[in-house]
Amino acid sequence: MPPTSTPSPRALRRRAPAALRLLAVTAVYLAAGRIGLLEQVVIGGARVTPLWPPTGIALTCLLLFGLRTWPAVALGAFLVIASSGPPTWGSLGVVAGNTLAPVAACLMLRRARFRIELDRLRDGMALVFLGAFAGMLISSTIGTAVLVLNGDLPAGGFWSTWSAWWTGDAMGVLVVTPLALALRTARLPADRRPSDWVEPVLLLASTAGATVIATSTTLSLLFLVFPFLIWAALRFQLLGAAPCVLLVSLVTITAATNRAGPFAGHGLVAAMVMLQALNGCAALTGLLLAAIVAEQRETYRRIEQATVELAEVVHRLAPGKADPSRWLPPEDDGR
């Protein structure tokens, strides 16, 4: 029998943090899935959610920790299904779709040279069209097809279920991923004064109040939330816009599932269309405007830095401290 080698203590120490990271990703995915299941609706004969947070969690973890975390995503997806009922063979197809979708989205974002700082307009556009819209086509298509083939969904309900599944997964990316990426880089300044908290608290309270008012009346006042999203993006960029978008989404999802306010008197499909149109526009407004402002500020910072460096060079070459002949080209120096 050939000799077997045992891992060295150093190798074990390197593997321990990786294993803990995978367990943490699985736990967070499972927790997000349990939260998402609280707002289930039945469309086309299948249960779907207007906002599926695990897709945003999965994509964020893949972007931050690499593709090696995909087993944790797959395990988390399986545990979410198992926690809501006995898993079947069809559940494996759903798990495969929920794993392949964020992996494909991550690969497309890498191909597009996506930066997790989300400080460029191209990064915001890539997250919207590649990470959310394109990537989540995989999970919705595989998941809905598995339900039809497994006999859990009639063929006539394919497209309505597919569209609800796709928008729910896409909204998970648009709402959760920017917030998770923004919180990753959030730092509290050491010289923060109590008065500096007035505007952020007022912003969140105003956003919540406007959303509650808009969803408490049958009048079409949902547009009231957009000035506050613009305020958040202009003043605090992604760190301010992402929480406000999440807040708007949670309040409007509750109103839509309960058929309250502007969603009253509409069928479930119509209410879901209104809901996803609002949440999609809110997420796009906050995300893209925050990216534009961050990109402009970075441009101004670079211009200011270049100006300071140029001023230092001019100061070192100022008349009286440098030979005037040094300003001439070598061939014209008169010698």
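R113 is exposed, with a relative accessible area of 66% (buried is under 20% relative accessible area, exposed over 50% and partly exposed in between, with a 1.4 Å probe and protein chains only). The model is predicted, so local features need pLDDT of at least 70 and side-chain atom pairs count only at pLDDT 80 or more, while totals for chains, interfaces and linings use all residues. Residues are numbered from 1 along each chain as its sequence is written, and side-chain values use heavy atoms, with hydrogens and water left out.

**Loop between α4 and α5**

- R113 lies in the loop between α4 and α5 (121-134), where helices (H or I, at least four residues) and strands (E, at least two) are DSSP runs numbered from the N terminus.
- Although R113 is not a glycine, its phi is positive, about 60°.
- L118 is in the loop between α4 and α5 and has a positive phi near 50°.
- L118 counts as buried, at 3% relative accessibility.
- Most residues other than glycine have a negative phi.

**Packing of α4 and α5**

- The axes of α4 and α5 are 8 Å apart and the helices pack at an angle of about 155° (axes are lines fitted to C-alpha atoms, for helices over the stretch in contact, and angles run from 0 to 180 degrees between N-to-C directions).
- α4 and α5 are therefore roughly antiparallel to each other (angles over 145 degrees are roughly antiparallel, under 35 roughly parallel, 65 to 115 roughly perpendicular and the rest oblique).

**Largest pocket**

- The largest pocket has a volume of about 800 Å³ (on a 1 Å grid over the protein atoms alone, a pocket is an open set of points with protein on both sides within 12 Å along at least five of seven lines, a cavity is a set where a 1.4 Å probe fits but cannot get out, and lining residues have an atom within 4 Å of a point; a volume is the space filled by probe spheres set on the points, which are joined across faces, edges and corners).
- Of its 29 lining residues, Q40, R47, I81, L147 and W165 are the closest to the centre of the largest pocket.
- The lining of the largest pocket has 15 nonpolar, 11 polar and 3 charged residues (Ala, Val, Leu, Ile, Met, Phe, Trp, Tyr, Cys and Pro are nonpolar, Asp, Glu, Lys and Arg charged, and the others, Gly among them, polar).

**Largest cavity**

- The largest cavity holds about 50 Å³ of space.
- α9 (225-257) is one of the elements that supply at least two residues of its lining, and α9 gives the most, with 4 residues.
- The lining of the largest cavity has 9 nonpolar residues, 1 polar and no charged.
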